[in-house]
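Work through the exercises below with the sequence and the model open. Each task is followed by a solution in steps.

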Amino acid sequence: MRFLLLSLSCMLAISCNSNLLSKADFAAKCRIALISKCPALYVTVLNKQTLFIENSGKRDNVGLSRFYNEYMSAPDKADSAVQHFIDATGLITDQGTKIDPAKVIPVIKPASCLSQGAKGQAFPLVYESYNDQMVILYAENRSEGFSYITNAAFESLQITKDSLKALAVKNFYTATLPNIHRGNSKSGKAYLFTTAAQYEAAMILFPQLWMKEYVDVKGDIIMAIPYPDYIYIAGSEDAEGIAWVKKELESVHMGGVQPVSKDLFRWNGEKFERCQ
């Protein structure tokens, strides 16, 4: 009888433990929840207790041990532990959060991020389409990284989207323009632009302010943005320059960083559109 009770007790303990989330499962749960709240983020599970979060302004490894321990102490409150993790990242500027207008900037993301939100719910972040491949999101540029602005937080600003875009672009080029670095192809007629900011893709929103000084190409301006850190420029009438850009697109790779596009885009006088 005593042996039977002991066996039943062990079976019950095993059954209960089998319902617990492993560290890997908890990490996956945190990743999915964070992306649902903020589809702008590119999140990779590095190991059972760490997420690599790329949010354009900053790239960080975020440990989950504290939140997993919180979950293990109260397994029936897993969602609470996950929410505490999301709150701790500081990556979402939601309703009730005070936004500093001087720190609002635009962020270029692939249009595919629009499908990464929670199923059955509206996209939670303020955005507008740029072309068929890219969208513009908005974030507050904090010392700890970007904090993306939700629709609820935008309403508290009491400004129009046009005003938000104008404000964000002004803030961005004021901070970024002095830090542009230009690399040339061997021909000297195709260029790679980078900055120390890790998010210079938004430079495409105000090309008139930098291309005249930094770009000298034949024909229409052709542009590529494989990753947010790189902008390639060549002229439509410069076959050598176009070939160099295409070769670069084939070889460039940034692990853990969200790609923007491997396509070429042509400046039409108002914006860059995909080359047909």
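**Exercise 1.** In this predicted model, are Phe 26 and Tyr 71 buried or exposed? Describe how their rings are arranged.

Solution. 
- Step 1. Phe 26 and Tyr 71 are both buried.
- Step 2. The ring centres of Phe 26 and Tyr 71 are 5.7 Å apart, with the planes at 20°. Planes under 30 degrees apart count as stacked, so this pair is stacked.
- Step 3. Phe 26 belongs to helix H2 (residues 23–37) and Tyr 71 to helix H3.

**Exercise 2.** Determine how helix H3 runs relative to helix H4, and which residues meet.

Solution. 
- Step 1. The axes of H3 (residues 65–73) and H4 (residues 78–89) come within 8 Å and cross at roughly 160°.
- Step 2. Angles over 145 degrees count as roughly antiparallel, so H3 is roughly antiparallel to H4.
- Step 3. The crossing of H3 past H4 is right-handed.
- Step 4. From H3, the residues Arg 66, Phe 67, Glu 70 and Tyr 71 meet Ala 78, Ser 80, Ala 81, His 84, Phe 85 and Ala 88 of H4.
- Step 5. Sorted by class, this contact of H3 with H4 has six nonpolar, two polar and two charged residues.

**Exercise 3.** Where is Leu 264 placed, and why does it count as buried?

Solution. 
- Step 1. Leu 264 lies in the loop between helix H8 (239–251) and strand S13 (265–267).
- Step 2. The relative accessible area of Leu 264 is 15%. Buried means under 20%, so Leu 264 is buried.
- Step 3. Setting aside neighbours within four places in sequence, Leu 264 has contacts that include Ile 222, Met 223, Ala 224, Ile 242, Val 245 and Leu 249. Lys 246, Glu 273, Arg 274 and Cys 275 are also in contact with Leu 264.
- Step 4. Gln 276 is 12 residues from Leu 264 in sequence, and their C-alpha atoms are 8.8 Å apart in space.

Definitions and conventions: Residues are numbered from 1 along each chain as its sequence is written. This is a predicted model: local features need pLDDT of at least 70, side-chain atom pairs count only at pLDDT 80 or more; totals for chains, interfaces and linings use all residues. Side-chain values use heavy atoms; hydrogens and water are left out. Axes are lines fitted to C-alpha atoms, for helices over the stretch in contact, and angles run from 0 to 180 degrees between N-to-C directions. Helices (H or I, at least four residues) and strands (E, at least two) are DSSP runs, numbered from the N terminus. Angles under 35 degrees count as roughly parallel, over 145 as roughly antiparallel, 65 to 115 as roughly perpendicular and the rest as oblique. A crossing is left-handed if the near helix is turned anticlockwise from the far one by less than a right angle, and right-handed if clockwise. Contact means heavy atoms within 4.5 Å. Ala, Val, Leu, Ile, Met, Phe, Trp, Tyr, Cys and Pro count as nonpolar, Asp, Glu, Lys and Arg as charged, and the others, Gly among them, as polar. Rings of Phe, Tyr and Trp (its six-membered ring) pair if their centres lie within 6.5 Å; planes under 30 degrees apart count as stacked, over 60 as edge-to-face and the rest as tilted. Buried means under 20% relative accessible area, exposed over 50%, partly exposed in between (1.4 Å probe, protein chains only).
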